[in-house]
Amino acid sequence: MATFEQALLQLMDPIVILIIFGGVSAGLFVGAMPGLTATMALAVLLPFTFTMPALLGLVALGAVYMGAIYGGAFAAILVNTPGTPSSIATAFEGYPLAKQGRALEAISVATVASAIGGIAGVLFLLFLSPPLAKLSLRFGPAEYFWVAMLGVTLIATLSEGSLLKGLLGGAIGMMLGTMGVAPIGGETRFTFGMPVMQGGVEMIVALIGLFVLPELYNMAAQGRTSLGAVAVDSKAKAAFWHTVRVVLSKPGNLIRSCLIGEVVAIIPGAGGNIANLVAYNEAKRASRNPERFGTGVIEGLVASESSNNVTVAGSMVPLLTLGIPGAPPDAVILGVMLLHGLRPGIELFTTSGVLTYAFIISMGLAAIAMVPVGILGGRIIYRIIFRTPYYFLVPTIGLATILGTYALRNSSSDVLIMLILGTAGYLLKQVGIGAAPIVLGLILGTIAEVGYVQAMLGGAVYRFPVIRLFENSLSWILIAMVAFSAAWPLVSALLRRRRRRGEGAL
Amino acid sequence: MIKNANSDLIAGVFGLLLSAAFWFSIDKEIGRLSVMFPRAMVIIMALISVIIFLRGFIKAERSDLFAEGNPRRVLVTGLLFFGWYFAITVLGFFVASVLAISSLAYYLSLSSRRVSVKVFSGWVLIVFCEVLFFYLIFSRLLHVPLPEGMFF
């Protein structure tokens, strides 16, 4: 307990508080820009932390990480463009809310949900690190394959109309993910004779193209932004305490989303990008009115934003206990830790306990700092977006997307790929194939391929290597979840029909 | 606008063409490990496309394509975006972006207002400052080597 108290005392320093607020603000700006990711923000900050004491460096990185994941919600709500892959599902409900004139309310809800998610992640990290780390070690190739298959069942939720077209979108995304160098085998595939395709299709490039460009084309076609003509509601609904009451009014949704965020976070390689979609899917499934999702439902927004911020501290569980980065930004944090002579493992919680606990608690403080920073920053960004004429907004967002795409790998080819995918996304949307299943396929394709091929290699000793996919008890739990998730839309439709028939009989 | 189009048929044909493109570009000399997963995925994509294609004949989903707004503005905006990309490779990021943003703003504004030379000159100045702001952040603060061209 003395260690914990000492850690708290270290955080009382005004410089620490200043760094937390500065880090959250910088992270929010980066996250709100499509294409600029949390990983990039941390990588840019990295050299500045070299000269800082270990605690200040780690606090700055944690605050920027927390702010960047949250900042993605702004672009998602105001321009229907997830600022980071962690806020894809935020756009599904946030943007319809903005179109109803409830953008400020949506931003406030996202802020409060993100702060609660961030704090929940820190609590999980503080109290559940050892058992969760053990669970993460049990995930082998077969389990990763089934996790990806579980993700595929989300397509039923993400399909805007026809399920079959959603599945086709998912398959297109998976095929896009196979372009370039094979993750196992190392050979180059599907470059169509173009050397620039050897690097493959970067997921964030596809995300920017598929989500941003169709929206810009829509604005150009209509001669206005979708938000330009809406009547804005009073600010009362965006008031802090009102929002807190709204978010806490569905505790089941909040708790479920935080748990999902934590479980996804501890699986190395899966982060906020998967957590927000899974949590959204489960919120829709648990809702009494799932058909209303996609029209501006607060529960969906809360599920997405709380789950993605849980993953910030949540992904530190395998990092701090086993040295396995749960998500790419964690790799940067691991680098800083090693630079200061901090080795992941039990020593981190004993010998360097004060520093480690101070770092963990600072992430909780960063989550709290998101509330004032987010509400103030949100209002400023909201005013800018609403007051800018569409003929300036379209090229300005275009500039941000081109810059963001280019800066990912300093590659002009990525910009061209983004433009081609975005234009294709606009055309595909016309025939009912939405962007979300394609991006989901791209995210899951690599996970599924690596899991599947590694499992087949591991099963080479058997006559039928595919047996390797069904060997472990954890695999069977995941298979049951896949079966349940795939069957649920049919079961719920059947139940609804029966309920309606019952009501008709009465 | 294309009214009452059979979107199932279009989506099915597109899926089949894409499957064929991927299938025929699988190199026969490529190793089993590299091709195992993509080959399975191409087959799955082709099967889904066939089902959607057949549904187009049996119980087609019909919709109006490009129903919202003016499709010509989409086409011109798209061309300007691609032109922006090619201009970057020739003129460099800064000059190309000032030109492209000014052109886009001018073209898109025509749907709602008339733009005098004086107003447009003011816009170009605003765009110049905007691009300079992003240019400095990325090139100086984030150390991203932005593409250079004819000028800088």
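**Notes on the model**

1. Helix 5 of chain A and helix 14 of chain A are roughly antiparallel to each other, a term for angles over 145 degrees, whereas angles under 35 degrees count as roughly parallel, 65 to 115 as roughly perpendicular and the rest as oblique. Their residues are 88-99 for helix 5 of chain A and 298-314 for helix 14 of chain A, and the two axes come within 8 Å and cross at roughly 155°. Axes here are lines fitted to C-alpha atoms, for helices over the stretch in contact, with angles from 0 to 180 degrees between N-to-C directions. Helices (H or I, at least four residues) and strands (E, at least two) are DSSP runs, numbered from the N terminus.

2. This is a predicted model, in which local features need pLDDT of at least 70 and side-chain atom pairs count only at pLDDT 80 or more, while totals for chains, interfaces and linings use all residues. Residues are numbered from 1 along each chain as its sequence is written, and chains are lettered from A and ligands numbered from 1 in the order in which they are written.

3. The crossing of helix 5 of chain A and helix 14 of chain A is left-handed (the near helix is turned anticlockwise from the far one by less than a right angle; clockwise is right-handed). Helix 5 of chain A brings A:Ala89, A:Thr90, A:Phe92, A:Glu93 and A:Gly94 to the contact, and helix 14 of chain A brings A:Gly300, A:Leu301, A:Ser304 and A:Glu305; two residues are in contact if their C-beta atoms, placed from the backbone, lie within 7 Å. By class, the residues of this contact between helix 5 of chain A and helix 14 of chain A are 3 nonpolar, 4 polar and 2 charged. Ala, Val, Leu, Ile, Met, Phe, Trp, Tyr, Cys and Pro count as nonpolar, Asp, Glu, Lys and Arg as charged, and the others, Gly among them, as polar.

4. Helix 14 of chain A also packs against helix 13 (residues 272-286) of chain A, with axes that come within 8 Å and cross at roughly 150°. The crossing of helix 13 of chain A with helix 14 of chain A is right-handed. Residues of helix 13 of chain A in this contact include A:Gly272, A:Ala275 and A:Asn276, and those of helix 14 of chain A include A:Gly300, A:Ser304 and A:Thr311. The contact of helix 13 of chain A with helix 14 of chain A has 5 nonpolar, 7 polar and 2 charged residues.

5. A:Thr311 sits in helix 14 of chain A and counts as buried, with 32 C-beta neighbours inside 10 Å. The cut-offs are 20 or more other C-beta atoms within 10 Å for buried, 12 or fewer for exposed, and partly exposed in between, with C-beta atoms placed from the backbone. Leaving out residues up to four places away in sequence, A:Thr311 touches A:Gly121, A:Gly261, A:Val264, A:Ala265, A:Gly271, A:Gly272, A:Ala275 and A:Ala327. A:Gly118 is 193 residues from A:Thr311 along the chain, with 7.9 Å between their C-alpha atoms.

6. Helix 19 (residues 390-409) of chain A and helix 20 (residues 412-430) of chain A pack at about 135°, with axes 7 Å apart. That angle makes helix 19 of chain A oblique to helix 20 of chain A. Helix 19 of chain A passes helix 20 of chain A in a right-handed crossing.

7. Two residues other than glycine have positive phi and deserve a look. A:Asn80 has phi near 60°; A:Asn80 is in the loop between helix 4 (54-79) and helix 5 of chain A and is buried, with 24 other C-beta atoms within 10 Å. B:Phe66 has phi of about 55°; B:Phe66 is in the loop between strand 2 and helix 3 of chain B and is partly exposed, with 18 other C-beta atoms within 10 Å.

8. Is A:Gly341 buried or exposed? A:Gly341 is exposed, with 8 other C-beta atoms within 10 Å, and lies in the loop between helix 16 (328-339) and helix 17 (346-349) of chain A.

9. The contact between the chains takes 55 residues from chain B and 48 residues from chain A. On the side of chain B that touches chain A, helix 2 of chain B gives the largest share, 13 residues. The residues of that side of chain B divide into 35 nonpolar, 16 polar and 4 charged.
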